[in-house]
Amino acid sequence: MMTRYGMLIDTTKCVGCSACRTACQRQNNLLPDEDFIRFERRETGKYPNVKVETVPLQCMHCDDAPCASVCPTGAAHKGADGIVSVDQGRCIGCLYCMSACPYQVRVRNSQTGAVDKCRFCAVQTEKGATTCTCVEACPAHARVFGDLDDPDSELARTIVEKGAKPIAGDLTQAKVYYVR
Amino acid sequence: MTYEPIWGAIIAWYLFLAGLGGGAFVTSTFIRFRHPECHGLMRIGRVVAPVAVCIGLVLLMFDAMAGFQHPLRFALLLTNFGSVMTWGVVFLAAFVVVALIVAVMDFMKRDVPAWLDILGTVMGLCVAAYTGCLLGVCQGFPLWNTALLPILFLVSAVSTGMAIVLLIGAFVKPDEFNRVVVLKKFHFWLPVVELILVAALLFVTSANPSPAGWASVMTLISGNWAVAFWVLFIAVGLVVPTILECWMLWIASHQLETSRTGQMVSAASDAGVLIGGFVLRLMIVSAALPITIVQPWMF
């Protein structure tokens, strides 16, 4: 079976410290105003029983990727390994993919004008790395990276154990799963 | 998190100018077949069409910053025919070529073959409709993701195209302006149809399963865009032109309709249509909220 990379984010563990975001910026050499991870926060309940949930959102590497289907130049595409990426040399910066992405997790590089987003860096840049930088950096161990198709992987086991689901159901067949 | 619209005023101008250019060409063909003696007005349409669309395209290239810095990348625009934008590039390219040939032939006093005018009209309609499809396929925005939007943009495009030709015509060719009664009566109905389409769009969008639909509609009718929506779009862009044209075409005496005063009343109504057309694009681009920002956890 082919490897199908995916990720799990446990929002019940997330403390919203942004360590994943800054680690990602260093790893991918991003500009100060360029973030691949966006945090949404929700408060529920009534004082004094209030619960705050932090939801880190990033590229879901959708199997049915709307960004790739609307990209007029083929810069946004899904590779053979299932990872959605942006060919920086083909992007004209029309931002159509940013409008098409239901998760609003794509960013424009303010220097080149091209669009970028989470690259699943473990696979893309660091040969031999066992996991993505954000996973390594998370002090609460809220993130797991791995192979969705390997039932013995930590990722697949945690998804089953905790009943994790993509943030928007089967909207785009996303490969990032959330424990809520 | 506060949401910043992805596309801004430049794209709204582009959508407006592309529609207006396509509509102006449709108008010139309409005049050719229905009012063939009014060659001055026909020429206005034939000049406005390529000029408006080309200005829009320059704005578009300027806005696509990465392509603006590496112009060769624009050649890649023809690589994904699953993308509405790629189809738009095809329609725009065909339209601009046809419109330029027609304009040059007109100035050289050569007869423009009917098939060329019809081809340009079809391409002009395609350009106008594609601007709505471009936004319509974005499933994250309930205000856009409806089949009503391309129809609304198409009707608005033809309406603004006719308005610009009539507005310029009222000053440059007042005699011909008085003669194109059929064109004016056709044009009269477009803002009326638009009113129905806008009401339908807002009702359908507000009932979207995502709260973003309701939030977008509220932003338009009672939020940040309320003044632009009610005053500039509904009143100035649709209702006032409908009332003024109704007065001129069916109530006013022939003498008043063809007087300088009557022409200025019609010109004011056409200017209103143009303002409304631009404000419509600007509001649709800016007021649309994405489903994941309003409530990312509601799925």
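Trainee: Why is R21(A) called partly exposed?
Mentor: Its relative accessible area is 24%. Buried means under 20%, exposed over 50%, partly exposed in between (1.4 Å probe, protein chains only). R21(A), at 24%, is therefore partly exposed. This is a predicted model, where local features need pLDDT of at least 70, side-chain atom pairs need 80 or more, and totals for chains, interfaces and linings use all residues. Residues are numbered from 1 along each chain as written, chains are lettered from A and ligands numbered from 1 in written order, and side-chain values use heavy atoms, without hydrogens or water.

Trainee: What makes D35(A) and R21(A) a salt bridge?
Mentor: Their N to O distance is 3.8 Å. The rule asks for a side-chain nitrogen of Lys or Arg within 4 Å of a carboxyl oxygen of Asp or Glu, so the pair passes. D35(A) sits in the loop between α1 and β2 of chain A, R21(A) in helix α1, 14 residues apart. (Helices are DSSP runs of H or I, at least four residues; strands are runs of E, at least two; both are numbered from the N terminus.) D35(A) is also partly exposed, at 25%.

Trainee: Why is E53(A) called buried, while R180(A) counts as partly exposed?
Mentor: E53(A) has 6%, R180(A) 38%. E53(A) is in strand β3, R180(A) in the segment after β10, 127 residues apart.

Trainee: What makes K78(A) and D63(A) a tie between parts of the chain?
Mentor: K78(A) forms a salt bridge with D63(A), with closest N and O atoms 3.6 Å apart. K78(A) lies in strand β4 and D63(A) in the loop between β3 and α2, so parts 15 residues apart in sequence are tied together. The pair also belongs to a salt-bridge network with R4(A), D149(A) and K175(A).

Trainee: How do you know that S156(B) is buried?
Mentor: Its relative accessible area is 1%, so it falls under the 20% limit. S156(B) lies in helix α6 of chain B. It touches E194(B), G277(B), L280(B) and R281(B), leaving out residues up to four places away in sequence. Contact means heavy atoms within 4.5 Å.

Trainee: How many salt bridges cross the interface of chain B and chain A?
Mentor: Zero, by the rule. The contact takes 37 residues from chain B and 41 from chain A.
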